[in-house]
Amino acid sequence: MTEEKIGNVFDDGRIESIAEFQSPETLYQDLISRVRKYHPSDNISMIEKAYRIAYEAHKNQVRKSGEPYIIHPLCVAIILADLELDKETLVAGLLHDVVEDTIMTEEEITKEFGSDVALLVDGVTKLQQLQLSGGTQAHSGDTDRMEMQAENLRKMFLAMAKDIRVIMIKLADRLHNMRTLKHMPPEKQQRIARETMDIYAPIADRLGISKVKVELDDLSLKYLEPEVYYDLVEKIALQKSAREKYIQSIVNEVSEHIRNAGIEAKIDGRVKHFFSIYKKMKNQNKTLDQIYDLFAVRIIVDNLRDCYAALGVIHEMYKPIPGRFKDYIAMPKENMYQSLHTTLIGSLGQPFEIQIRTYDMHKAAEYGIAAHWKYKEASDGKKVEGQEEEKLAWLRQILEWQKSDNREFMQLLKSDLDLFSDNVYCFTPTGDVKNLPAGSTPIDFAYAIHSAVGNRMIGARVNGRLVTIDYKIENGDRIEILTSQNSKGPSRDWLNIVRSPQAKSKINQWFKKELKEDNIVKGRELIQGYCKAKSINLSQILKPSYMEYVMRKYGFRDWDSVLAAVGHGGLKEGQIVNKMQEIYEHEHRRALSDEEVLSSVANNAQARKMKPKSSSGIIVHGLDDVAVRFSKCCSPVPGDDIIGFVTRGRGVSIHRTDCVNIINLSEIERARLLDADWQTTNKSADGEKYFSEIKIFANNRNGLLADVSRALTEKNLDIISMNTRTSKQGIATMIVTFEISSRDELQRIIDKVRTIESVIDIERTTG
């Protein structure tokens with residue numbers, strides 16, 4: 001089956017796809033016509049200017065398909081226009097690649113379009129650099145990779161918190177990339193599709209933007225499970241005419257009865273989208289013929305009263321299937337989705353679903369949080385924005401999880417994104433509704449009320465009767481939590497019982513805070529036990545300098561916090577011990593004896609007599625006319641914070657202050673450190689060059705080395721050496737040595753390399 005045929009199998013309300021290979025000017029006129037359908041003003045000068053700048057910026061670039069690159073930002077802007085977003089968002093959509101791919105700067109965007117647009121473009125540019133591949137699927141053996149993914153996801157959600165429109169532009173960008181993914185190699189298709197299904201489709205779902213979510217799901221399925229996808233498409237298409245005829249007969253029947261009841265309504269029918277059907281088949285272990293609710297009829301009415309009136313008419317017409325009615329109007333989903341869902345048996349015995357909602361509910365279901373930035377006119381003609389802060393409650397929750405360690409953050413995030421679709425609704429004794437993941441217990445309910453209620457919980461009543469704490473909450477349950485001031489707090493066993501990410505997070509926070517002393521003791525015991533099992537001398541690796549390195553690496557203020565983290569499971573004892581042992585072995589391979597140290601210090605006079613190198617540009621405080629050399633272990637360049645180290649007979653070696661070899665010096669060796677600074681005017685301004693070395697981490701692929709070499713060559717660099725190795729996990733590590741004149745130049749080089757496809761991270765060598 002061709003892709004052209006697939007597009008006509010059913011109408012799922014998705015954003016209209018743009019035909020490929022249209023001219024930029026045709027697409028631009030299409031964009032303007034869409035904007036004018038909903039924009040209250042005829043002034044499109046800002047959009048016009050953004051298009052012309054983007055056109056010039058990208059005029060020499062082409063996409064993998066061979067079409068001009070400007071087609072991509074135009075299609076992104078068209079998707080945003082279909083969501084009826086504001087002018088600033090459309091402009092940022094047109095410009096979202098200009099900072100990363102061209103010479104235009106953030107300052108120039110601010111000058112031309114204002115700080116609002118510049119903030120959006122900067123946010124999207126930073127998201128482009130994040131490597132989210134594999135989503136939340138990190139394996140236990142890939143600790144460093146998981147840490148990197150967790151940090152990148154944190155950055156993404158922080159960018160969303162600054163302005164949610166950043167992620168809407170990114171969703172539009174991802175949607176167009178998915179539509180044109182066929183032009184990419186199979187390995188990249190799989191990676192991008194997995195990332196889309198794990199991260200971006202759930203975020204679109206969380207924001208309530210079903211128009212985007214549905215298509216991202218289907219396109220991801222197409223590349224992740226192509227055989228399943230095309231088989232599903234073929235089977236649905238084969239019976240297309242029969243299904244359309246059946247759906248139309250239901251629509252006609254429903255329309256007649258609704259009209260006779262005096263209810264004004266718009267009624268249509270559709271086959272559910274592919275991924276929804278596939279998920280039902282997989283979860284229920286059924287074939288396509290065994291999935292009974294393939295069809296959905298949608299009834300859209302004017303007001304809330306008509307929703308329930310229409311429901312009454314429908315239940316008189318058809319027999320409802322028990323347990324298949326859901327009132328999302330009285331109890332909305334977490335993304336504020338509202339609708340009545342009921343599954344019925346048709347006149348021919350074929351089950352089908354009916355959804356009933358108002359026009360406002362339908363708009364919210366299609367556009368979600370995007371409706372927050374839709375153009376609305378106030379009495380004075382200025383744009384005003386509706387308040388839909390409830391839709392961002394989940395994002396605030398994720399920001400709270402930033403306090404968790406990376407492993408816990410990833411688990412909470414995955415749990416939150418995965419469990420969204422299956423919820424139960426229950427009530428407090430006063431009638432307030434609580435929305436919890438399916439399978440939740442009274443403990444989840446208690447923490448949903450307040451962390452203090454959960455921490456003091458001793459039992460619960462459900463519908464007036466006492467239940468065990470592992471009772472599974474059902475829809476409509478009325479729950480009362482029993483608390484006591486004498487409660488000793490939550491049990492660790494609760495972590496195996498609770499279902500909601502919020503409850504798990506709050507329980508873990510309690511243990512970290514309330515049981516810190518116990519965790520310190522437990523952490524110390526775990527480290528001692530690990531050392532004993534591995535025959536490691538603990539006393540020789542528990543040096544202050546080693547402990548300082550570990551605290552700085554993992555972001556702890558003191559050693560007790562490290563022990564507590566090990567005690568509650570946030571860090572593994574093996575991580576800590578192995579790192580300290582590694583530092584110890586590294587230090588003792590190159591350490592001087594005490595006598596050599598004292599001798600070296602005593603011979604400083606000899607160093608002072610050496611003739612200084614005039615090209616060094618270094619001032620060593622406390623010594624005059626001293627010979628200096630730049631250490632190869634960290635390769636300092638002008639602009640770096642530096643320090644001097646007195647060597648044996650070779651003057652002073654200059655290191656960066658963050659050099660591992662400096663950090664790990666013993667107390668005696670630290671006596672040989674001297675303050676050093678770059679001269680205010682140094683030779684770098686006259687073309688002096690300095691060795692520098694960077695380490696590039698990337699997902700290995702064909703052409704990677706060539707792309708990196710090309711990027712460095714374009715910067716007119718003199719490359720001294722380049723070494724590459726690839727791990728069993730497919731991660732390439734490239735160590736590149738070259739000559740530069742300053743730290744600013746080095747940063748520009750790093751920024752350039754970071755934009756190369758597959759590059760995960762870049763760091764300077766530090767010893």
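## Helix across a sheet

Contact here means heavy atoms within 4.5 Å. In this predicted model, helix α20 (residues 442-449) lies across β9, β10 and β11. The helix runs at about 80 degrees to β11. Angles of 65 to 115 degrees count as roughly perpendicular.

## The three-stranded sheet

The sheet under discussion is open and has 3 strands. Their order is β10-β9-β11, and the pairing is antiparallel. Strands β10 (465-467) and β11 (479-483) form the edges, each pairing on one side only. Neighbouring strands are turned against each other by 35 degrees on average, direction ignored.

Strand β9 (residues 457-462) is joined to β11 by 5 bridges. These two strands run antiparallel. Within this pairing, G459 has L482 in β11 as its bridge partner.

## Packing of α3 and α5

Two packed helices are described by the angle between their axes and the distance between the axes. For helix α3 (residues 45-57) and helix α5 (residues 87-95), the axes come within 9 Å and cross at roughly 5 degrees. Angles under 35 degrees count as roughly parallel, so α3 is roughly parallel to α5.

On the α3 side, the contact is made by M46, I47, A50, Y51, I53 and A54. On the α5 side, K87, E88, L90, V91, L94 and L95 meet them. The residues of this contact divide into 10 nonpolar, no polar and 2 charged.

Conventions. Residues numbered from 1 in each chain as written. Predicted model: local features only at pLDDT ≥ 70, side-chain atom pairs only at ≥ 80, totals over all residues. Heavy atoms only, no water. Axes fitted to C-alpha atoms, helices over the stretch in contact; angles between N-to-C directions. Helix = DSSP H or I, 4+ residues; strand = E, 2+ residues; numbered from the N terminus. Parallel < 35°, antiparallel > 145°, perpendicular 65-115°, else oblique. Nonpolar A, V, L, I, M, F, W, Y, C, P; charged D, E, K, R; others polar. Pairing = 2+ DSSP bridges.
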